[in-house]
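Open the model in your viewer and keep the sequence panel beside it. We will go from stop to stop, selecting as we go.

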Amino acid sequence: MASSSYSNSPCAACKFLRRKCMPDCIFAPYFPPEEPQKFANVHKIFGASNVSKLLNEVHPHQREDAVNSLAYEAEARMKDPVYGCVGAISVLQRQVIRLQKELDATNADLIRYACNEMPAANPQFARRMGQGGVSYDQSSGIYYPSPWNHDEPCGERGDGGV
Amino acid sequence: MTLKGGTSQACASCKYQRRKCSSECPLAPYFPPDQPKMFQNAHKLFGVRKILKILENLESHQQEEAMRSIIYQANIRDRFPVHGCWGIICKLHFQIRQVEEELHAVLAHLEMYRQQQQQIAALTEDVTSQLELGMAPPQPCLAQQYSYSIIGSNIGYSSNYLDSNDNVGNSLWGQHPYATNYDTNSMPIIQSQLVASQPLASQQEEVQNYDEMHPFFDTIDDRQSYIETKEPYESSSEESLKDTAPSMEHAAENELKSAAACFTLTSIN
């Protein structure tokens with residue numbers, strides 16, 4: 001098997017797929033031969049073809065992040081075939097909500113102390129809970145954040161390209 | 001493509017693949033024909049074969065949940081092609097860290113308020129008992145000035161606390177994609193507003209207490225020492241001090257020292 005110009009051995013993807021690793025192999029920079037499991041997981045969940053298309057649609061300087069995110073999601077799906085990484089999102093979302101409630105209550109206590117008022121019931125909860133839009137599925141107990149209400153990180157929407 | 005002799009429309013999956021949608025199509029319940037984009041996203045990320053592979057190893061009651069998570073994951077990837085769900089998780093970790101830090105700061109501030117009130121209450125009780133015994137001149141100024149110094153130090157403490165915890169070392173994200181969203185301005189503003197409102201009210205209250213004690217201390221012998229302690233408040237209550245100004249010339253050494261202590265504390269203002 002021919003080696004790529006970047007290393008002496010084929011990349012983990014070409015090794016797994018048992019094909020010649022060309023110099024312009026799109027997987028080679030992100031799937032080193034020392035990490036075979038990384039590509040194996042990604043290929044099992046998403047498929048090499050889909051990964052290749054996805055990488056071609058993003059900027060070259062963003063491909064490493066894209067591969068790392070795919071590897072993370074693939075591993076999460078391998079560990080939990082039902083919820084994958086969405087389970088982690090649900091857990092974290094609940095934690096955020098709980099902490100916000102606690103913060104609101106503590107802020108209310110602080111205001112009362114500052115104003116020298118007697119402690120009283122405070123309806124200051126859920127002041128920031130609306131951010132992101134969370135829907136709670138009672139049947140499964142999973143919080144599903146609305147996928148269309150999150151802010152765009154790093155301005156990556158829509159203009160990925162080679 | 002519609003079923004022959006049937007009334008139901010082909011699911012989005014079969015429509016996309018241009019094939020016949022049977023009644024036993026495994027993806028039909030999850031991809032209605034009126035939402036083609038949803039299937040396109042799932043197909044783009046996973047592919048039909050991979051989705052079916054995930055479903056075949058699950059129980060029937062788990063398949064619906066699995067499909068929901070797959071569709072959600074695919075929609076997120078469509079919206080955020082680079083980071084996908086991993087980016088959402090990083091953002092949530094960041095939010096949690098941010099809220100936790102804010103919570104710790106507020107709890108610390110609250111604790112300082114409680115200690116401050118306890119100290120003021122203790123000093124007030126002490127002064128009250130001394131007044132009842134007719135002993136030392138009143139020193140509520142010490143309690144109030146001490147509270148001012150605590151408040152002043154609180155502001156600096158909170159700001160330093162937030163600034164020192166600005167860096168993030170979460171192993172999930174090497175490039176900190178959400179670090180720019182961190183805002184340290186919201187918390188200190190709240191605290192400084194609360195803190196700024198207190199000294200003004202305390203100062204007015206202090207002047208009022210001073211006026212109330214006037215008639216009582218006119219009757220005791222060490223009126224001169226009492227007059228010395230009034231000097232720190234000249235800026236806020238000059239009219240009340242005018243009558244006693246000539247008596248300040250004959251202050252004893254001990255009274256001067258205690259007055260100097262008051263002067264030191266008032267330098268905060």
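A salt bridge is a side-chain nitrogen of Lys or Arg within 4 Å of a carboxyl oxygen of Asp or Glu. Keep that cut-off in mind for the first stops. Keep in mind too that this is a predicted model.

**Stop 1: a pair on helix α4 of chain A**

Select A:E75 and A:K79. Their side chains meet in a salt bridge, with N to O at 3.4 Å. That distance falls within 4 Å, so the pair counts. Why can these two reach each other along the helix? They sit 4 residues apart in helix α4 of chain A, which means about one helical turn separates them. An α-helix has 3.6 residues a turn, so residues three or four places apart point the same way. Now show the surface. A:K79 is exposed, at 67% relative accessible area. A:E75 is partly exposed, at 36%.

**Stop 2: a pair on helix α5 of chain A**

Select A:R98 and A:E102. These side chains also form a salt bridge, 3.9 Å from N to O. Both residues belong to helix α5, which covers residues 85–115 of chain A. Again the spacing is 4 residues, about one helical turn. Buried or partly exposed: which describes A:E102? With 35% relative accessibility, A:E102 is partly exposed. A:R98 is partly exposed as well, with 46%.

**Stop 3: a pair between two helices of chain B**

Move to chain B and select B:D78 and B:K37. Their side chains meet in a salt bridge at 3.4 Å, N to O. B:D78 lies in helix α4 and B:K37 in helix α2 of chain B, so this pair ties together parts 41 residues apart in sequence. B:D78 is buried, with a relative accessible area of 14%. B:K37, in contrast, is partly exposed at 43%. Over all chains, the whole structure holds 8 salt bridges.

**Stop 4: chain A as a whole**

Colour chain A by secondary structure. It has 5 helices and 2 strands. Follow the chain from the N terminus: the order is α-α-α-α-α-β-β. Of the 162 residues in chain A, 46% are buried. Chain A exposes about 8,500 Å², and carbon and sulfur atoms supply 51% of that area. Next, turn to contacts between residues at least 6 apart in sequence: in chain A, 46% of them join residues at least 24 apart.

**Stop 5: helix α2 of chain A**

Select the buried residues of α2(A): A:K38, A:F39, A:A40, A:N41, A:V42 and A:I45. What do they pack against? Their partners are α1, α3 and α4 of chain A, together with α3 of chain B. Step past the helix to A:G47, which follows α2(A) and has a positive phi, near 90°.

**Stop 6**

In soluble globular proteins, nonpolar side chains tend to be buried together. Select A:F27, A:F46 and B:F31. These have the most contacts inside the largest nonpolar core, a set of 52 residues. Helices α1, α2, α3 and α4 of chain A each supply at least two residues of this core, and so do α1, α2, α3 and α4 of chain B.

Zoom in on A:F46. Leaving aside neighbours within four places in sequence, its contacts in chain A are A:V51, A:L70, A:E73 and A:A74. In chain B, A:F46 touches B:L45, B:F46, B:K50 and B:Q73.

A second, separate core has 23 residues. Among them are A:V86, A:I89, B:Y72 and B:L110.

**Stop 7: the interface**

Show both chains. Here 51 residues of chain B are in contact with 55 residues of chain A. The two chains bury about 5,600 Å² between them, with 64% of it on carbon and sulfur atoms. Select B:Y72, B:R79 and B:V82. In chain B these lose the most area to chain A, together 13% of what that side buries.

Now look for charged pairs. How many salt bridges cross the interface? There are 2 between chain B and chain A. A:E57 forms a salt bridge with B:K44, the closest N and O atoms lying 2.9 Å apart. The interface also has 15 residue pairs in polar contact.

End with the helices of chain B. α5(B) gives the most, with 21 residues.

Terms used: Residues numbered from 1 in each chain as written. Chains lettered and ligands numbered in written order. Predicted model: local features only at pLDDT ≥ 70, side-chain atom pairs only at ≥ 80, totals over all residues. Heavy atoms only, no water. Buried < 20%, exposed > 50% of the residue type's maximum accessible area, 1.4 Å probe, protein only. Contact = heavy atoms within 4.5 Å. Areas by Shrake-Rupley, 256 points an atom, 1.4 Å probe, with all protein chains shown as cover. Core = buried A, V, L, I, M, F, W, Y, C linked by side-chain atoms within 4.5 Å. Buried area = accessible area lost by both parts, 1.4 Å probe. Polar contact = N/O pair within 3.5 Å; in protein donor to acceptor, adjacent residues only side chain to side chain.
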